[in-house]
Amino acid sequence: MASDGQDSSGGSGWLRRVAARRHISGPVIVVLGIGALFIPLLPGEFWTDVGIEILILGLFAMSFNLIYGFMGQISFGHAAYFGLGAYGTAILFREFTDGTGEITMTQFFVALLAGPPVAAIGALVVGYFCVRLTGIYFAILTLAFGELLFYVVFSWYGFTGGDNGIQRLLPPPFFRDSTVYYYFTLTVVSAAAYLMWRMIWSPFGYVLRTMRENKLRTEFLGINVRRYMLVNFTVAGAFAGVAGALWGPFTRSVGPLLLGWQESGIAVFMTLIGGAGYFAGPAVGSIVYTFLHAYVTGFTVYWPLTIGVIILLIVIFAPGGLLYSIDTKLIARLRGNGNSGANGESGNSSSGGEEP
Amino acid sequence: MNQTILEVTNLNKHFGGIHVTRDVNFRMAEGEQSAIIGPNGAGKSTFFNLLTGYHKPNSGRVVFDGQDITGKAPHIVARMGISRAFQVSNIFPRLTVLENVRSAVHSHTGATMNMFARADRIDVKETRECLLLCGLGGKPDEIAGHLSQGDKKKLELAIALASQPKLLFLDEPTAGMSLEETEETMNLVDRLNRELRLTVLFTEHDMSVVFNHANRVVLLHRGEIIIEGSPEQVRDDETVQKIYLGEQQI
């Protein structure tokens, strides 16, 4: 990371210049973003739908990484806010839908806007209790609250539809087209990612890192650690809620499993695959995970086995995630400095988020 | 006589059955530079912990700058202007030297709730000055965890100074430093004390450092203040010599 731009080894001009930059997420995101523009040009609606899923789940995983990679706490219940966002939108959606199953443009956007605040309020309440603890206790408490919220949604037939969920969330005709919904999702996810990007390089973002590195010292700097943890937890919940809000109109339905621990696990997997130490890590993880999921389930039912093997390979051969391996093995060589970049850009090189 | 900045009255702390701070009465005037000495386990670090809010005292009062800070949380005490450097360097190991200090500066200037501005463009000058002051001007981009022991202690001091405190506690500031570094660091502390009238209280095992850099020396033994006075008074005191030789039960 202490790259001072001294390039003693090969690589052509522009490649070296890019490599000499301290952080690889910027270039990675730009490349991915440009690539994302062309996905709907692929033949068939299938890949466009996969693209939407990559975007939404990628945003969900990136919001999770604000807590994990940057703040150093692991949440096993992050899907609760994804689900709350989805339900916040879906319930309003259901109320707006008239007898013929139609919804106006305005109602559609109002319903979408309802998701994130619902998720943020949920995260604020749960976070209030969770930030009192750290490490494994934090993780268990987030899991417990996540399952609690799952169960509330699962059993409250009158309001949430219980285990049936909410069906027939048909967006206005204009947004029914996959390509349109894809570009709409791309816009929203890009905007959310931009806000998160600003946040992680802001003074607040550095407080997250110092709390991860050394909570006691941060407190002695005059920082109210619990308050900052709570703010971040809530913000992360709100971004998960944005992802959730986009989900219902995409799949035309929501169900209680969106809040469950398996959904939370998806964010964890994506982050581990891509690299928790990098802003773009969860996005890369989402591409790998979602693409493989779409591909593998096409010919086998053994998806859990597949993803298990993948996670195993990552943990053994690329601990720190794919971006970490690229950063340290490939780009560091271009920089001519074997150690530079070794700490990622959140400064969190380990695959775990524990205190060092 | 200078104005009182810190006043400690009848401070007591028990850990289980162990009485680690006994009826400590202690006063510091603004601008003074004092040392606390005492054998290992005398309760020096506990005393700092009580003053900075890390431990809550069982009884007694701590008044800083006219305000009661007894039992207040560390972040509140820090905000009021008390800063501390730890005995074992307590830094942010995976961040760079610059990021370490900058975070401390931001916390002091109140920039830390800012979620949109770039951190590397705020308080650049203050951060730079603090690094230069502490002799770290040449290595802003090094990963803090990779620094030498001496540089880690310098960084520790830089983080403590970044908040421009009124009162500074240094727990063995020169532990792990070479002779030159020790001299450099203590000269810096002297300068801050002289030029900025920063009030300093430090613990130290190296007696030459204590006697050369403190106006006043306090001896703590088994949680009690045994004697306090000028360095010469304390050095020549018989009980002090016996405590350090470990002969006498008090």
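In chain B, the domain assignment gives domain 1, made of 1-72 + 169-177 + 200-250, and domain 2, covering 82-164. Before going on: this is a predicted model.

The C-alpha centres of domain 1 of chain B and domain 2 of chain B are 27 Å apart. How many residues of each domain are in contact with the other? Twelve from domain 1 of chain B, and nine from domain 2 of chain B.

Now the domain 1 side of that contact. In chain B, helix 1 (44-51) and strand 7 (167-171) each supply at least two residues to the side of domain 1 that touches domain 2. Which element gives the most to this side? Strand 7 of chain B does, with three residues. By class, this side of domain 1 of chain B has seven nonpolar residues, three polar and two charged.

Next, the contact between chains. Here 29 residues of chain A are in contact with 33 residues of chain B. On the chain B side, helix 2 (74-80) and helix 3 (97-109) each supply at least two residues. Helix 3 of chain B gives the most to the side touching chain A, with six residues. What is the make-up of that side by class? The residues of chain B that touch chain A divide into 15 nonpolar, eleven polar and seven charged.

To recap the elements: strand 7 of chain B gives the most to the side of domain 1 that touches domain 2, and helix 3 of chain B gives the most to the side that touches chain A.

Technical notes: Residues numbered from 1 in each chain as written. Chains lettered and ligands numbered in written order. Predicted model: local features only at pLDDT ≥ 70, side-chain atom pairs only at ≥ 80, totals over all residues. Domains from an automatic or database assignment. Contact = placed C-beta atoms within 7 Å. Helix = DSSP H or I, 4+ residues; strand = E, 2+ residues; numbered from the N terminus. Nonpolar A, V, L, I, M, F, W, Y, C, P; charged D, E, K, R; others polar.
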